[in-house]
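Here is a friendly note to read alongside the structure. Please keep the 3D view open and find each element as you go.

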Amino acid sequence: MLNYRQLHYFWVVAKTGSIVRACEQLNLTPQTISGQISLFEQTYNIKLFRRVGRQLELTEAGRQTLPYAEHMFQLGGELELMLRAQPNEQQTLFRVGVADVVPKSIVYRLLAPTMELSEPLRITCREDKLERLLADLAIQRLDLVISDSPMPTHLDIKGYSQKLGECGISFFATAALAERYGQDFPHSLHDAPLLIPGPETVVRSRLQRWFAEQQIQPRIVGEFDDSALMQAFGQSGSGIFIGPSVIAEEVKRQYGVEVIGQTDAVSESFYAISVERKVSHPGIVAIAEGARRELFSA
């Protein structure tokens with residue numbers, strides 16, 4: 001039987017980076033923590049840490065163990081909160097997985113209606129690669145996955161996709177880049193420095209086809225799976241970047257950039273993937289209704 005207390009000590013040491021800081025968090029002595037981790041290692045004939053100077057580093061076994069411990073104690077924390085809640089104070093738990101290619105502003109706008117329900121929800125959000133999120137959806141660790149693509153047909157996972165909406169894309173740039181490349185759009189993008197989404201995104205291939213049709217060859221200076229990181233580079237003036245047109249005003253305010261052009265020939269779509277064909281969870285219903293009524297109403 002797995003010793004969860006020993007695993008918990010390992011997890012806290014791995015998260016805090018040292019036994020001393022773990023002692024402060026757990027209110028235990030160094031001897032207790034190191035002794036229990038040693039017993040855990042002896043049980044499975046492994047080493048979880050190695051000492052490099054005064055620092056502790058995870059071994060390969062430690063790196064493989066850590067994500068399992070993360071999941072277990074995250075779920076344990078959620079269980080404890082649910083059990084401690086009084087019956088008249090209990091909230092419906094809404095566990096949402098977000099594919100890491102979906103822009104954060106879109107995610108916020110999609111989730112916002114769930115915060116206004118008469119029956120309160122407690123939302124937990126986790127960002128990851130789509131296939132890992134769908135695996136958790138299949139075993140009911142998640143209630144919903146938000147993605148830029150529908151349920152992949154090659155996965156042997158039961159899931160149903162609900163299209164929330166779609167929109168064209170806008171091209172954003174700092175004032176300096178806008179002055180240089182903002183005229184004669186889209187031909188001004190030829191040889192312009194461009195930041196683009198990574199190959200796992202659906203919009204990437206659509207964007208490349210559109211460039212080919214327009215006979216435009218931008219100078220790709222960066223590729224990003226994380227849209228927030230791409231926007232941060234764009235804010236610094238590293239290159240022109242794209243984003244969904246429905247959040248164009250938000251992106252302009254947040255990053256201090258300008259829109260130099262827009263096209264509906266390249267579109268981004270967003271989906272809610274759940275295990276229910278007929279959706280009943282109030283959070284999913286609120287997201288779908290809010291997306292159609294507010295975000296993608298035009």
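The points below cover a pair of helices, then another helix, then a strand and its partners.

1. Before you start, remember that this is a predicted model.

2. Begin with helix H2 (residues 19–26) and helix H3 (residues 30–44). Packed helices are described by the angle between their axes and the distance between the axes. Here the angle is about 110° and the axes are 9 Å apart. That makes H2 roughly perpendicular to H3, because angles of 65 to 115 degrees count as such.

3. Now look at who touches whom. From H2 come Ile19, Ala22, Cys23 and Leu26, and they meet Pro30, Ile33 and Ser34 of H3. Sorted by class, this contact has six nonpolar residues, one polar and no charged ones.

4. Next, move to helix H6 (residues 130–138). Which residues of H6 are buried? They are Leu130, Leu133, Leu134, Asp136 and Leu137. These residues lie on the same side of H6, because they cover an arc of only 160° around the axis. They pack against helix H4 (60–84) and several strands, including S3 (92–99) and S10 (258–274). Just after H6, glutamine 140 has a positive phi of about 65°.

5. Of its 17 residues, 12 are buried, so S10 is largely enclosed by the rest of the structure.

6. Finally, check the pairing of S10. With S5, S10 pairs in the antiparallel sense over three bridges, and serine 147 has tyrosine 271 as its bridge partner. Strand S6 (residues 160–173) also pairs with S10 in the antiparallel sense, over 13 bridges. There, glycine 168 has serine 267 as its bridge partner.

Methods:
Residues are numbered from 1 along each chain as its sequence is written. This is a predicted model: local features need pLDDT of at least 70, side-chain atom pairs count only at pLDDT 80 or more; totals for chains, interfaces and linings use all residues. Side-chain values use heavy atoms; hydrogens and water are left out. Axes are lines fitted to C-alpha atoms, for helices over the stretch in contact, and angles run from 0 to 180 degrees between N-to-C directions. Helices (H or I, at least four residues) and strands (E, at least two) are DSSP runs, numbered from the N terminus. Angles under 35 degrees count as roughly parallel, over 145 as roughly antiparallel, 65 to 115 as roughly perpendicular and the rest as oblique. Contact means heavy atoms within 4.5 Å. Ala, Val, Leu, Ile, Met, Phe, Trp, Tyr, Cys and Pro count as nonpolar, Asp, Glu, Lys and Arg as charged, and the others, Gly among them, as polar. Buried means under 20% relative accessible area, exposed over 50%, partly exposed in between (1.4 Å probe, protein chains only). The arc is that of the directions from the helix axis to the C-beta atoms. Two strands pair if DSSP finds at least two bridges between them.
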